[in-house]
Amino acid sequence: MSAAPLLAVRDLRKIFPARRRGAPGVRAVDGVSFDIARGQTFGLVGESGCGKTTTGRMVLRLMEPTSGTIRFEDRDLMALSPAQLRAFRRDAQIVFQDPMSSLNPRMSVGELIMEPLVVHRIGTTRERRQRLARLFDLVGLQPTSATRFPHEFSGGQRQRIAIARALALEPKLIVCDEAVSALDVSIQAQILNLLGDLRDELGLTYLFISHDLGVVRHLSDRVAVMYLGEIVEVASKRELFETPRHPYTQVLMRAIPRIADGRRHFETIAGDVPSPSAPPPGCRFHTRCPHAMEVCRKVAPKMTSVGETHQAACHLLTEPAEAATV
Ligand code: SF4
């Protein structure tokens, strides 16, 4: 029997109430399911507004789901007592896109990294200092950084500080929410390598959220593609990048910049994402899909197995007779 996943998400939904009375709510996340095995990096990718950040927040219980279940180490996160929730907060951490807004500018780097230990009353002052030295070593910062302030560092170094702070409580799961998106490409690679090394050394599990498939490719074992609140394709990294089956994934692939003739080439994604308060009927991607058929406008495609560990939701992947039935 295979071991239970570290994180199991089933039919997760978040519907934000509309500002105007009587208007439909915003279906930010609409029936998302996935598992993350221990030590695995699960990439969640999609355009801005697809619901990936909301999913990450719900997984950490920073935001309450409208419905669905989240199990962490086979425990129902929605049924935790306040003491159990405090313990979970030690096990699951987040690294945000912009460390400048997530790190208190008035606290020194040493105070920032040790703060979670103080809040959770872990260790003596001496033990916390020892832990700080170890964290500096892990993320490649000089010990002299402790007395300096976040604004004195570059963007890449600030992200190292944010990662050290996330590691302070020795978490099992880290949600990286666009953690390298604000960095220059060369610095991005350094931080991605650091995250990979830390995962291998400390046995971490990541939910790695990004709008950029190229970045997700660097670190992920499995990848899920989200569109307008739904997962439309999920596969091992190899299967997804070698044989993307959903038209939206194929469009995202073509949007990854590549260098040819000494120049950067990429395709832009045509059309705008429809409003999540009024998602199109049938397949939600049909308003932008180059292969849309009549059936796509009326019937929502179901997730179908298209490989050993590969699923996608598209009428092109089902039997022709089924696809033709409207
Ligand atoms: Fe395109 Fe139809 Fe497939 Fe949706 S179901 S991705 S509209 S072909």
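Q: Where is Gln130 placed, and why is Gln130 called partly exposed?
A: In this predicted model, Gln130 is placed in helix α5 (residues 125–139), where helices are DSSP runs of H or I with at least four residues, strands are E runs of at least two, and both are numbered from the N terminus. Its relative accessibility is 45%, and because buried means under 20% relative accessible area and exposed over 50%, with partly exposed in between (1.4 Å probe, protein chains only), Gln130 counts as partly exposed.

Q: What separates the C-alpha atoms of Gln130 and Ala37?
A: The two C-alpha atoms are separated by 31 Å, and the residues are 93 apart along the chain.

The model is predicted, so that local features need pLDDT of at least 70 and side-chain atom pairs count only at pLDDT 80 or more, while totals for chains, interfaces and linings use all residues. Residues are numbered from 1 along each chain as its sequence is written, and side-chain values use heavy atoms, with hydrogens and water left out.

Q: Why are α6 and α7 called roughly parallel?
A: Helix α6 (residues 155–167) and α7 pack at an angle of about 20 degrees, with their axes 10 Å apart; axes are lines fitted to C-alpha atoms, for helices over the stretch in contact, and angles run from 0 to 180 degrees between N-to-C directions. Angles under 35 degrees count as roughly parallel, over 145 as roughly antiparallel, 65 to 115 as roughly perpendicular and the rest as oblique, and α6 and α7 are therefore roughly parallel to each other.

Q: Which residues make the contact of α6 with α7?
A: Contact means heavy atoms within 4.5 Å, and the residues that make it include Gly156, Ile163 and Leu167 of α6 and Ile187, Leu194 and Leu202 of α7.

Q: What makes Glu47 buried, and which residues does Glu47 touch?
A: Glu47, in the loop between β3 (41–45) and α1 (52–59), has a relative accessible area of 17% and is therefore buried. Not counting residues up to four places away in sequence, Glu47 touches Lys52, Tyr227, Tyr248, Ile269, Val273 and Arg288.

Q: How do you know that Glu178 and Leu228 are buried?
A: Glu178, in the loop between β7 (173–177) and α7 (185–202), has 9% relative accessibility and so counts as buried. Leu228, in the loop between β9 (222–227) and β10 (230–236), has 2% relative accessibility and so counts as buried.
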